[in-house]
Amino acid sequence: MDNDLIICAARGEKTERSPVWVMRQAGRILPEYRAIRSSISGFKELVETPDLAAEVTVQPVDILGTDSAIIFSDILVIPEAMGLPYEMKEGIGPRFPEVVQSDSDIDRLNVAEGGELKYVYDAIAETKRRLAGRVPVIGFAGAPFTIFCYMIEGKGSKTFSEARKWLHSNPIGSHKLLEKITQSTINYLKLQVEAGVSLYQVFDSWAGVLSKPLYEEFCMPYLNRISEEVNSVPNIVFAKGAHFSTQDLMESSYNAVGLDWTMNPVEVRKFSNTKTLQGNLDPTVLYGDDALVVQKTKEMLTSFKGGAHIANLGHGVYPDTDWKKVKLFIDTIKSSQN
Ligand code: CP3
């Protein structure tokens with residue numbers, strides 16, 4: 001691999017500078033992505049066509065100069081492989097025509113064996129071929145609780161109160177569903193590794209709607225199982241908003257812990273300085289002028305001193321961000337020394 005900075009940093013090694021990638025780097029910020037997207041029927045066609053998925057996966061490496069590519073797909077392919085298909089509504093977001101409403105619905109779901117998602121592994125293999133060793137490919141999956149939220153509610157939500165109701169009104173059924181999602185995710189990530197990903201991230205995007213006791217009971221055991229069973233490459237856990245569980249995450253079996261922009265790396269390092277940290281520039285900083293972007297990026301780098309660091313935003317880049325600001329963020333990191 002020509003540039004394996006991100007793998008070294010994920011393993012906790014000291015690197016000459018922080019490697020950088022951006023959550024949602026492949027997507028609407030790039031005119032080249034929008035051109036491909038408008039030439040086809042929809043988001044799912046892009047995800048399910050390995051040649052096209054590989055093309056948009058490589059775009060941010062070529063255009064923005066990121067230190068890794070993240071495979072273009074979605075966390076919602078797992079519910080689909082389990083028997084609950086998703087739709088991506090233009091300008092609205094994901095929708096599930098059917099949701100889980102009862103224990104018998106859970107019984108009817110499959111544990112995905114992974115083979116259902118062949119298009120993802122083909123896209124990974126094609127991406128590797130196109131990158132020819134320039135940078136590593138990152139695989140990913142949703143965390144069991146975040147997937148659970150979509151399977152219960154069928155769409156996004158500010159509070160995910162229906163999913164939270166389940167945790168209290170049917171804890172046994174909730175564990176049963178989380179169990180099935182976890183096993184499906186393990187099978188899926190193992191095949192991503194086999195297809196060639198060098199690192200993977202687990203996205204717990206809706207962690208922040210829970211509390212410490214709920215996170216301990218319904219999330220940490222499943223997150224740790226994934227990490228323990230898919231352990232042949234380094235991994236990152238990103239639990240957005242999970243301030244209450246910082247210690248558990250820092251003691252988890254993941255190599256790296258992703259921080260959102262509300263979290264303070266100096267405070268988090270106090271739990272452990274052997275864990276790699278990832279993050280965490282507020283994505284809205286990229287709407288400031290160039291001088292502000294450079295200043296805030298440098299401040300962010302300083303705040304992570306004292307241990308291994310993978311630079312990123314604190315959550316996905318917003319689609320109306322000027323891609324040149326994203327490039328400035330990346331260039332600023334690449335020209336800074338540790
Ligand atoms: O560049 C990358 O990060 C890789 C591709 C990627 C996508 N989704 C493509 C996508 C990744 C890693 C995801 C993960 C994902 N998907 C998450 C976890 C990350 C996070 O943001 O917290 C979640 C919660 C989803 C579910 C999802 N997919 C939502 C809520 C939406 C709609 C919101 C939106 O931005 O429109 C999607 C659609 C989606 N997934 C798009 C992309 C590029 C936009 C759709 C399009 O281009 O038409």
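I take helices (H or I, at least four residues) and strands (E, at least two) as DSSP runs, numbered from the N terminus.

**Entry 1: the model.** I note that this is a predicted model, in which local features need pLDDT of at least 70 and side-chain atom pairs count only at pLDDT 80 or more, while totals for chains, interfaces and linings use all residues. Residues are numbered from 1 along each chain as its sequence is written, and side-chain values use heavy atoms, with hydrogens and water left out.

**Entry 2: Lys334.** I found Lys334 in helix H16. I recorded Lys334 as partly exposed, because its relative accessible area is 33% and the class lies between buried (under 20%) and exposed (over 50%), with a 1.4 Å probe and protein chains only. Tyr222 is 112 residues from Lys334 along the chain, and their C-alpha atoms are separated by 35 Å.

**Entry 3: Thr321.** I located Thr321 in the loop between strand S9 (309-313) and helix H16 (323-334). Thr321 counts as buried because its relative accessible area is 4%. I then looked up its polar contacts (pairs of N or O atoms within 3.5 Å; within protein, one must be able to donate a hydrogen and the other to accept it, and residues adjacent in sequence count only if both atoms are side-chain atoms). The side chain of Thr321 makes such a contact with the side chain of Tyr287, at 3.3 Å. The Thr321 side chain also reaches the backbone oxygen of Tyr318, at 2.6 Å.

**Entry 4: Ser68.** I placed Ser68 in the loop between helix H4 (50-63) and strand S1 (69-70). Ser68 is buried, because its relative accessibility is 0%. Between Ser68 and Arg134 I read 66 residues in sequence, and 8.5 Å in space from C-alpha to C-alpha.

**Entry 5: the ligand.** I listed 22 residues around the ligand, of which Arg28, Tyr33, Arg37, Ser205 and His315 come nearest. The residues of this shell divide into 13 nonpolar, five polar and four charged. Here Ala, Val, Leu, Ile, Met, Phe, Trp, Tyr, Cys and Pro count as nonpolar, Asp, Glu, Lys and Arg as charged, and the others, Gly among them, as polar.

I also checked the oxygen atoms of the ligand. One lies 2.7 Å from a backbone N or O atom of Arg24, and a ligand oxygen is 3.1 Å from a polar backbone atom of Gln25. For Tyr33, an N or O atom in the side chain is 2.6 Å from an oxygen atom of the ligand. Helix H2 (31-38) and strand S3 (93-95) are the elements that give two or more residues to the shell around the ligand.

How values were computed
Near = heavy atom within 4 Å.
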